[in-house]
Amino acid sequence: MADCGEADGPVKKDDIVRAKNEGKELTKEEKQRLRKEKKHQKKQKDEKRPSERVKEKKPVAPSQPVATQPPTQKAPTVLPASAPIPVPVSGAPSYSSPAPSPADKPAKSRAEQKAERRARQEADRASKQQSCSSSSKTKAPPSELNPVVKRLPEHVQVDDPAVVKRLTKKFERQQIPLRSDYDYKVSLFSHLHQYSRKAPLTQQLSIPSTVIHPSIVRLGLQYSQGIVVGSNARSVALLHAFKQVIRDYTTPPNEELARDLVNKLKPYISFLNQCRPLSASMGNAIKYIKKEISNIPSQFKEEEAKTKLQTCIDRYINENVVLAAKAISKYAIEKISDGDVILVYGCSSLVNHILCEAYDKNRKFRVIVVDSRPRLEGREALRRLVQRGISCTYVLISALSYILPEVSKVFLGAHALLANGYVMSRVGTSQIALVARTFNVPVLVCCETYKFCERVQTDSFVSNELDDPDDLMVTRKGKTQLENWHDVSSLRLLNLVYDVTPPDFVDLVITDLGMIPCTSVPVVLRIKNLEQ
Amino acid sequence: MLLCSLLPCSGETILGLRESLKWATDCLTEVDSSVAVSSGGELFLRFISLTSLEHQDLSRCKKVMEERGELFLEKISLSRTKVAKLCHTFIKDGAKILTHSSSRVVLRVLEKAAAEKKRFTVYVTESQPDTAGKQMADALRRLNVPVTVVLDAAVGYVLEKVDLVIVGAEGVVESGGIINKIGTYQMAVCSKAHNKPFYVVAESFKFVRLYPLNQQDVPDRFKYKADTLRTVSDLSDEHPMIDYTPPSLITLLFTDLGVLTPSAVSDELIKLYL
């Protein structure tokens, strides 16, 4: 198989380039061919050990091109290919299930597919029971021993060329364009992506794109241009776009909706991730959807399944965003007393909601809105609060220590709550918490439970988001001082988006489950995992 | 003893039973507005009504509830012994202990330590306005423990001599902090400044679902005596009877659920209430 792959190499390369330029989705046969090549590659890698690795690397590159062979020609080659596959155990089965297995045998019926799968599982079990003398099995026990070996996520390894190469290959396979980095990065943050707003990802897509659903393209553009901001807004927009995708989805023949839809969503998620890195809330929402989709029983008709998924999404939004906001306001209003001076930072939809509710319940308080460049989100919060009739003061973050002696409480929103109790929020939040702590002013963080994530972070360097550094340029009286900052070789602009606040600076976290101290976040995560 | 009075109830429906229990608790709280009563009452209610949905027959249900009530009472009376057993090991031979006002749990702990043949001396604060510290000193003298009564203002002065500070609690709040007789917060701040361990001993029924952010945030019904709340119109003239000690100043809490750090209290509370 590897030999014929190499021989067809140049021909297939032209084909795939042609297919890409036309913007057509690779036909199913082409995709199957790709997968089979890869599986065969992996099987060969298992049998021939490291000395052969170098030789294997070369076939990997030309294996990507794909031929439009008629399916009948492939059917006989499929059978012998699948027979040797059960024998080498280690990585292959876990890698190949479930995605390639149904698509691999177009000519076979479902019963035969199931029989083959069962046969493969039996073979796996049998070979695993044997002693680990053969080389291919030595791979299995170590992976069983440390099943929780965590690899660094790819989005924090941008300066590692191997990772970048892996990413580009993944995007080629999924047929989404690669967004190039804006290269003038501060060296301390060179492991993170930095994109320029003047080069959105959508410029490299054809119109209309048949690979990516138009509502996802629109969503990606809204993210990258900063039209949809705020973690709640982004998650809800994402879920609505997915609803649209599900509505327009039709199951291809001989495919199961459960598996195929999940695979359809993967390139969309990669595309959105490139437009703007996913937030923790979006990650949890995607996990939920994928779980719901794969739990659809196979006897559901397509229409039933689609309506069920849409109701699931609606319920998720309702429970985790709308009702959670109501519950959090109820607890938070207990903490707002008459005569309070409340400080808020930036624009958090949840904090604004709480303040408006408290005002409607006739609490007498006034608000100080703290704002910072370059986003100046505080102006949006100021507008919303003043419209309600709440008396507000507006300061920039540099005036923080001047204004804090007047303040009685600080309300902060959060982008995510990490498993070690740290609060990840808009850059500047940890500064406010720090100064408030020195003035002995209580700091309250309001966060829905769907934003809790299992990640652990103690500083803002490891994983962050770099926004467009050109935003930092300001034009006054027609002059832009930083206009040619590219020319100054020793100058770099840094526009960070998030920072993490340690739990010692936070007095109270208000969630829809109640009021908890910052150190109890892992308890809540544990309860939520038990519920699932 | 407070809870015994809740037991005999007559009610035709489960809901009626709960209502009458709640009413009894409220009555008690009106008479003696302490945090312990309200939290104990609430926990009692929850504990016995956990089984309310299982049995169909009402009279059997009532009997089960009564049994659980007895169980609850028994657990509470044993809890002080459990706490004493956990805490006395932290008192080393020759230790000098500082305590605040009069607490039955602390007394039990010191009794146990004395019974283990440990030699220690105790400093007790006088604890105005009710000079409860004198009662504590008398009780300790009966145990043949050398005890000195100090002024509330002398806490900072005395702290360099002591090895550890043990106080009781009227209530343990969700953040892991405690509500106790006025003067406890001061003692906690001074002991933090001197780097002396600050231990709290409390039974688990004192865990309460409050989360004060600062002294002002503690509800008025706990700060003042019940009759004061009823008679006096302007509370700013009255002096509060309790204060709130934040969890950052507490080293460890000894409860019948075990030895906890302040951050573990929230974990236990979630288990108790959820």
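I looked up Ser235(A) to begin with, and found a relative accessible area of 2%. The cut-off for buried is under 20%, so Ser235(A) counts as buried. I am working from a predicted model throughout.

Next I checked where this serine sits. Ser235(A) belongs to helix 13 of chain A, which covers residues 231–248. I then listed the neighbours of Ser235(A), leaving out residues up to four places away in sequence. Ser281(A), Met282(A) and Tyr450(A) came up as its contacts.

I moved on to the interface. How many residues does each chain bring to the contact? I noted 14 residues from chain A and twelve residues from chain B. Between the two chains, about 1,100 Å² is buried. Carbon and sulfur atoms give 60% of that area. I asked which three residues of chain B supply more of its buried area than any other three. They are Tyr211(B), Leu213(B) and Ile270(B), with 52% of what chain B buries against chain A.

I found two salt bridges across the interface of chain B and chain A. One of them pairs Arg526(A) with Asp267(B). Their closest N and O atoms are 3.3 Å apart. The cut-off is 4 Å, so this pair qualifies as a salt bridge. Last, I sorted the residues on the side of chain B that touches chain A: five are nonpolar, four polar and three charged.

Definitions and conventions:
Residues numbered from 1 in each chain as written. Chains lettered and ligands numbered in written order. Predicted model: local features only at pLDDT ≥ 70, side-chain atom pairs only at ≥ 80, totals over all residues. Heavy atoms only, no water. Helix = DSSP H or I, 4+ residues; strand = E, 2+ residues; numbered from the N terminus. Buried < 20%, exposed > 50% of the residue type's maximum accessible area, 1.4 Å probe, protein only. Contact = heavy atoms within 4.5 Å. Buried area = accessible area lost by both parts, 1.4 Å probe. Salt bridge = Lys/Arg side-chain N within 4 Å of Asp/Glu carboxyl O. Nonpolar A, V, L, I, M, F, W, Y, C, P; charged D, E, K, R; others polar.
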